[in-house]
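Keep the coordinates open while reading.

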Amino acid sequence: VLELILEQAVRVLEAEGGSLLLVDQQTNELVFEMVLGPTSANLIGTRLPWGVGLVGEAAATAQPILVNNTATDPRWFSGYDEATDFITQSILCAPMITRQQVIGVLEIVNKRDGSLFDEVEADVLLALASQAAVALRNAQLYAATRRQAEEVAALLDTTQEISSNPDLDQRLLTICHRAKELVAADACIIFLLDEENRHLKPISAVGYTDEDAVSYTHLRA
């Protein structure tokens with residue numbers, strides 16, 4: 001859906017290219033998620049600091065930005081043009097907002113016929129950015145709901161499996177496997193507390209070598 005929205009923005013507004021950037025909440029950076037145009041392969045995955053350039057300002061202010069002569073605008077960040085040998089003359093940026101939070105920016109650059117962007121086109125891009133924000137938010141909610149359903153199903157399966165298995169070692173091994181799968185871990189280990197010596201003794205593990213297991217035999221509780 002996001003790719004379709006970007007394609008429609010570039011087509012309808014007759015631009016040379018465009019980008020869809022998403023906010024990395026952990027680093028507070030904008031990441032080029034999708035790019036259309038002659039330099040698209042060079043930009044995907046690159047990062048832009050929050051508030052830097054016209055795109056960064058659109059994100060920081062939650063306001064659309066229209067600039068028809070980037071060379072004269074002090075906010076313009078030319079780093080990507082210099083790295084890709086592309087010349088951005090005019091640009092439209094629209095923040096993607098959901099629940100009063102900016103989650104990305106939709107931008108298009110350069111009219112194909114060399115004309116200028118106008119306020120009507122800025123409104124069109126803002127409407128498309130709003131659709132992109134809704135689509136992304138719905139996808140995130142769906143993914144979270146599906147993940148919760150998978151976790152509940154895994155817990156139920158584990159409960160049924162260990163309840164029907166009389167072998168304690170096999171029960172513990174099943175729990176290790178399921179715990180490892182649920183959190184996408186590399187390994188899992190279960191310890192039993194030796195009350196007399198106050199040591200933790202590993203009694204079941206998956207994903208560990210024999211040498212790894214030995215290193216855990218003397219953990220003090």
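## Ground rules

Contact here means heavy atoms within 4.5 Å. The model is predicted.

Start with Arg 147. Its place is in helix 5. By the contact rule, Arg 147 touches Leu 182 and Val 183, leaving out residues up to four places away in sequence. Arg 147 and Leu 182 are 35 residues apart along the chain, yet their C-alpha atoms are separated by 9.5 Å. Is Arg 147 buried, partly exposed or exposed? Its relative accessibility is 34%, so Arg 147 counts as partly exposed.

## Helix 5 against helix 6

Two packed helices are described by the angle between their axes and the distance between the axes. Helix 5 spans residues 119-163 and helix 6 spans residues 168-182. Their axes come within 10 Å and cross at roughly 175°. That angle is over 145 degrees, which means helix 5 is roughly antiparallel to helix 6.

Which residues of helix 5 meet helix 6? On the helix 5 side they are Arg 147, Glu 151, Ala 154, Leu 155, Asp 157, Thr 158, Glu 161, Ile 162 and Ser 163. On the helix 6 side they are Arg 171, Thr 174, Ile 175, Arg 178 and Leu 182. The residues of this contact between helix 5 and helix 6 divide into 6 charged, 5 nonpolar and 3 polar.

## The sheet

Strands of a sheet pair through backbone hydrogen bonds, either parallel or antiparallel. This model has an open sheet of 6 strands, with antiparallel pairing and the order 3-2-1-6-5-4. Strand 3 and strand 4 (65-67) stand at the edges. Each has a single partner strand, so one side of each is left without a neighbour in the sheet. From one strand to the next, the twist averages 25°.

Now the pairings. Strand 1 and strand 2 (residues 29-36) run antiparallel and are joined by 7 bridges. Asp 24 stands opposite Glu 29 in strand 2. Strand 1 and strand 2 form a hairpin, with 4 residues between them. Asn 28, in the turn, has a positive phi of about 60°. Strand 1 also runs antiparallel to strand 6, again with 7 bridges. There, Leu 21 has Val 105 in strand 6 as its bridge partner. Strand 2 and strand 3 (residues 47-49) are antiparallel too, joined by 3 bridges. Val 31 stands opposite Arg 47 in strand 3.

## Helices across the sheet

Helix 3 covers residues 53-61. It lies across strand 1, strand 2, strand 3, strand 4, strand 5 and strand 6, and runs at about 30° to strand 5. Helix 5 lies across strand 1, strand 4, strand 5 and strand 6. Its angle to strand 5 is about 35°.

## Nonpolar cores

In soluble globular proteins, nonpolar side chains tend to be buried together. The largest nonpolar core in this model has 23 residues. Leu 20, Leu 92, Met 96, Leu 106, Ile 108 and Leu 125 touch the most other members. Helix 1 (2-12), strand 1 (15-24), strand 5 (91-98), strand 6 (101-111) and helix 5 each supply at least two residues of this core. Helix 5 gives the most to this core, with 7 residues.

Look at Leu 125. Setting aside neighbours within four places in sequence, Leu 125 is in contact with Ala 9, Leu 13, Leu 92, Cys 93, Ala 94, Leu 106, Glu 107 and Ile 108.

## A buried threonine

Thr 98 lies in strand 5. Its relative accessibility is 14%, so Thr 98 counts as buried. Beyond its neighbours within four places in sequence, Thr 98 is in contact with Ile 103, Ala 133 and Arg 137.

## Positive phi in two loops

Most residues other than glycine have a negative phi, and most peptide bonds are trans. Glu 14 is not a glycine, but has a positive phi of about 50°. Glu 14 lies in the loop between helix 1 and strand 1. Glu 14 counts as partly exposed, at 39% relative accessibility.

Ala 62 also has a positive phi, near 60°. Its place is in the loop between helix 3 and strand 4. With a relative accessible area of 28%, Ala 62 is partly exposed.

Note on methods
Residues are numbered from 1 along each chain as its sequence is written. This is a predicted model: local features need pLDDT of at least 70, side-chain atom pairs count only at pLDDT 80 or more; totals for chains, interfaces and linings use all residues. Side-chain values use heavy atoms; hydrogens and water are left out. Axes are lines fitted to C-alpha atoms, for helices over the stretch in contact, and angles run from 0 to 180 degrees between N-to-C directions. Angles under 35 degrees count as roughly parallel, over 145 as roughly antiparallel, 65 to 115 as roughly perpendicular and the rest as oblique. Ala, Val, Leu, Ile, Met, Phe, Trp, Tyr, Cys and Pro count as nonpolar, Asp, Glu, Lys and Arg as charged, and the others, Gly among them, as polar. A nonpolar core is a set of buried Ala, Val, Leu, Ile, Met, Phe, Trp, Tyr and Cys residues joined through side-chain atoms within 4.5 Å. Buried means under 20% relative accessible area, exposed over 50%, partly exposed in between (1.4 Å probe, protein chains only). Two strands pair if DSSP finds at least two bridges between them.
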